[in-house]
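I opened this predicted model to look up its core, a hairpin, a surface patch and its salt bridges. My entries follow in the order of looking.

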Amino acid sequence: MIARTKIARRRFLAAVAGISASIVSDRASAHSVDWRGSSGRGARDRQGRRSSSSLPISGPEHRRRRFGQSQTLCFVKGTSIATPSGECRVEDLRPGQRVLNTRGQAKTIKWIGSSYRSTNTDGVWSEDALPITIEAGALADQVPHRDLHLSPEHALYLDGILIPAKYLVNGITIYPAKPDDLEGVTYYHLELDAHDAVLAEGAAAESYRDTGLRDTFDVSTADPCCKPADTSVEPFAPLVAMYRRRDKLASHLRSAGSLLIHYRTQFEITRDGLLERAYAIEELQTYKSAA
């Protein structure tokens, strides 16, 4: 009973934080968002890095003004991608080389795009440009096996569905933050013969899916033997998308009441499971520190 009460409280606090964040974002506010809800935790994570509660993130109005309505869907420079001959940093890959998908199949890269993003003149990050950090072990044991940095809209392939990283933020093991040693961020993306999931630091993450935004990349190179697609490509698995505020509110409310009424979608079950995993990791590290 105590365990169920604790879970219910955690999901309720997470729902409150998520609802508050969606309202702030939809109003195009430049306020920072504390994804830990009212738990009162500090503005730095356990490695001393600035967490989402202390990073200024501007809303949609700033995004449209600076980047149009495009969205970067990419891996941060330095991300290791699985290939048949071992892992390779994404910036060292070239069109024509092969990478492994989640089924262990070798797939040929036909196009690579890269873009550099940083703060605006006021030192504020665009909501779509600040990377989401997924700590090692946040998704499963040794998955990812090293901290993974993705753009917010980049989807992870979990439990049979594609979930943009920004929807998984919990402020503990998954949070908005750039690597400490970088002033700005260079993103890279890989296009294969078909939309698929590759292994980035051991985690399943989508390859590039053309939605008409190819020209938003600063630099692009293509395999002359493989012409990039000219039309939008459908995702290979169901893609989670919550464009309206009421969709976000409904999602968090379903999670908050899930111990009483079982109406959660697969996305919400996955998100809630990762939140519980995050709390378990945090409690274990707190216990080890106190021992």
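Entry 1, core. I looked up the largest nonpolar core, which has 34 residues; Ile134, Leu156 and Ile174 touch the most other members. I then listed the elements that each supply at least two residues of this core: the strands β7 (132–134), β8 (148–150), β9 (155–158), β10 (161–164), β12 (185–191), β13 (197–200) and β14 (203–206), and the helix α4 (266–290). Another core, of ten residues, lies apart from it, and I noted Ala129, Leu130, Tyr187 and Tyr208 among them.

Which residues does isoleucine 174 touch, not counting those up to four places away in sequence? I found Ile132, Thr133, Ile134, Ala138, Leu139, Ala165, Leu168, Val169 and Leu274.

Entry 2, hairpin. I checked β13 against β14 and found antiparallel pairing over four bridges. Valine 198 has alanine 205 of β14 opposite. Two residues sit between the strands of this hairpin, and glutamate 201 takes a positive phi near 55 degrees.

I followed the side chain of glutamate 201 next: it meets that of arginine 146 in a salt bridge, 2.6 Å from N to O. Glutamate 201 is in the loop between β13 and β14 and arginine 146 in the loop between β7 and β8, so this pair ties together parts 55 residues apart in sequence. Is glutamate 201 buried or exposed? I call glutamate 201 buried because its relative accessible area is 1%, under the 20% limit. Arginine 146, with 37%, is partly exposed.

My search of the whole structure gave ten. One of them joins the side chains of arginine 277 and aspartate 141, at 2.9 Å from N to O. Arginine 277 belongs to helix α4 and aspartate 141 to the loop between β7 and β8, 136 residues apart, so I logged the pair as a link between distant parts of the chain. Arginine 277 counts as partly exposed at 24% relative accessibility, whereas aspartate 141 is exposed at 63%.

I also recorded arginine 254 with glutamate 268, whose closest N and O atoms are 2.7 Å apart. The pair ties helix α3 to helix α4, across 14 residues of sequence. Arginine 254 is partly exposed at 29%; glutamate 268 counts as buried at 1%. Last, I noted one network in which salt bridges that share partners join Glu191, Asp210 and Arg214.

I found a nonpolar patch of about 410 Å², made by Leu260, Ile261 and Tyr263. Tyrosine 263 lies in the loop between α3 (245–256) and α4, and counts as exposed because its relative accessibility is 64%.

Key
Residues numbered from 1 in each chain as written. Predicted model: local features only at pLDDT ≥ 70, side-chain atom pairs only at ≥ 80, totals over all residues. Heavy atoms only, no water. Core = buried A, V, L, I, M, F, W, Y, C linked by side-chain atoms within 4.5 Å. Buried < 20%, exposed > 50% of the residue type's maximum accessible area, 1.4 Å probe, protein only. Contact = heavy atoms within 4.5 Å. Pairing = 2+ DSSP bridges. Patch = residues over 30% accessible without salt bridge, like charges linked within 9 Å, V, L, I, M, F, W, Y side chains within 5 Å. Areas by Shrake-Rupley, 256 points an atom, 1.4 Å probe, with all protein chains shown as cover. Salt bridge = Lys/Arg side-chain N within 4 Å of Asp/Glu carboxyl O.
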